[in-house]
Each structure stands twice: as structure tokens, then as C-alpha cells.
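Biologist: I would like to learn how to read a model like this one. Where do we start?

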Amino acid sequence: MKLLERLFGPPMAAPESPAMHRLRVGFIGSAAASALGVAAIDAVAAMFGRAAAGGALALLLLFTVIGGGLFFVRKARIDERWLLDRSFEREGEVA
């Protein structure tokens with residue numbers, strides 16, 4: 001492994017746990033659903049009314065923002081801890 005690390009550099013991310021995988025897939029799915037909701041807002045508003053469509057889209061966007069924020073904060077902490085546990089230098093630091 002040391003030879004590969006010297007050739008390619010250290011891995012830049014920790015292995016993904018099942019919980020982080022679910023969080024990542026959930027964020028990607030909610031972001032895609034938000035994009036579809038924005039694109040189809042006229043059709044949804046025609047079917048359910050403007051208030052219901054706006055409320056549903058607002059909740060979906062809120063869920064996406066919270067899920068994305070949670071994913072990115074947790075991912076950064078896990079990656080940082082993983083790199084430090086393996087004595088890899090952080091960006092900008094010299095060993």
C-alpha cells in the first residue's frame with residue numbers, strides 16, 4: 001500500500017459507511033425531486049392548487065437543504081478524522 005500511496009498520493013476520502021451511503025442517496029434523491037418539483041410547479045399547482053404546491057415544494061426544498069447540510073458536515077468530519085488517524089498531512093501542512 002505504501003508504494004501505491006507514493007505513486008498516487010493518499011486517498012482523499014474515508015470509506016463510506018452504510019449510514020452515510022443512505023444519507024448521500026437521500027440527499028441526491030431529494031435534490032432531484034426538488035429539481036423536478038420546480039420544473040413541474042405549474043402542473044402540480046393546476047392539480048392541487050397554488051398553496052398546496054408551494055407548501056409541498058417549500059417542504060421539499062427545506063428537507064433538501066437540511067439533508068445536504070447534514071451530509072456535507074458529517075462527511076467533512078469523517079474524512080478529516082480518517083486522514084488524521086492515518087497520519088496523512090492535511091492540505092497546506094507539511095509533514
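Modeller: With surface. Accessible areas come from the Shrake-Rupley method with a 1.4 Å probe, and for residues only the protein chains shown count as cover. Here the protein chain exposes about 7200 Å², and 69% of that belongs to carbon and sulfur atoms.
Two ground rules. This is a predicted model, where local features need pLDDT of at least 70, side-chain atom pairs count only at pLDDT 80 or more, and totals for chains, interfaces and linings use all residues. Residues are numbered from 1 along each chain as its sequence is written, and side-chain values use heavy atoms, with hydrogens and water left out.

Biologist: How many helices and strands does the protein chain have?

Modeller: Helices (H or I, at least four residues) and strands (E, at least two) are DSSP runs, numbered from the N terminus. The protein chain has four helices and zero strands.

Biologist: Is Thr-64 buried or exposed?

Modeller: Buried means under 20% relative accessible area, exposed over 50%, partly exposed in between (1.4 Å probe, protein chains only). Thr-64 has 11%, so this residue is buried. Thr-64 sits in helix H4. Of the 95 residues in the protein chain, 18% are buried.

Biologist: Which residues does Thr-64 touch?

Modeller: Contact means heavy atoms within 4.5 Å. Leaving aside residues up to four places away in sequence, Thr-64 touches Phe-27, Ser-30, Ala-31 and Ser-34. Its side chain reaches the backbone oxygen of Ser-30 at 3.1 Å.

Biologist: And Ile-66: buried or exposed?

Modeller: Ile-66 has 54% relative accessibility, so Ile-66 counts as exposed. Ile-66 also lies in helix H4, residues 50–85.

Methods
A polar contact is a pair of N or O atoms within 3.5 Å; within protein, one must be able to donate a hydrogen and the other to accept it, and residues adjacent in sequence count only if both atoms are side-chain atoms.
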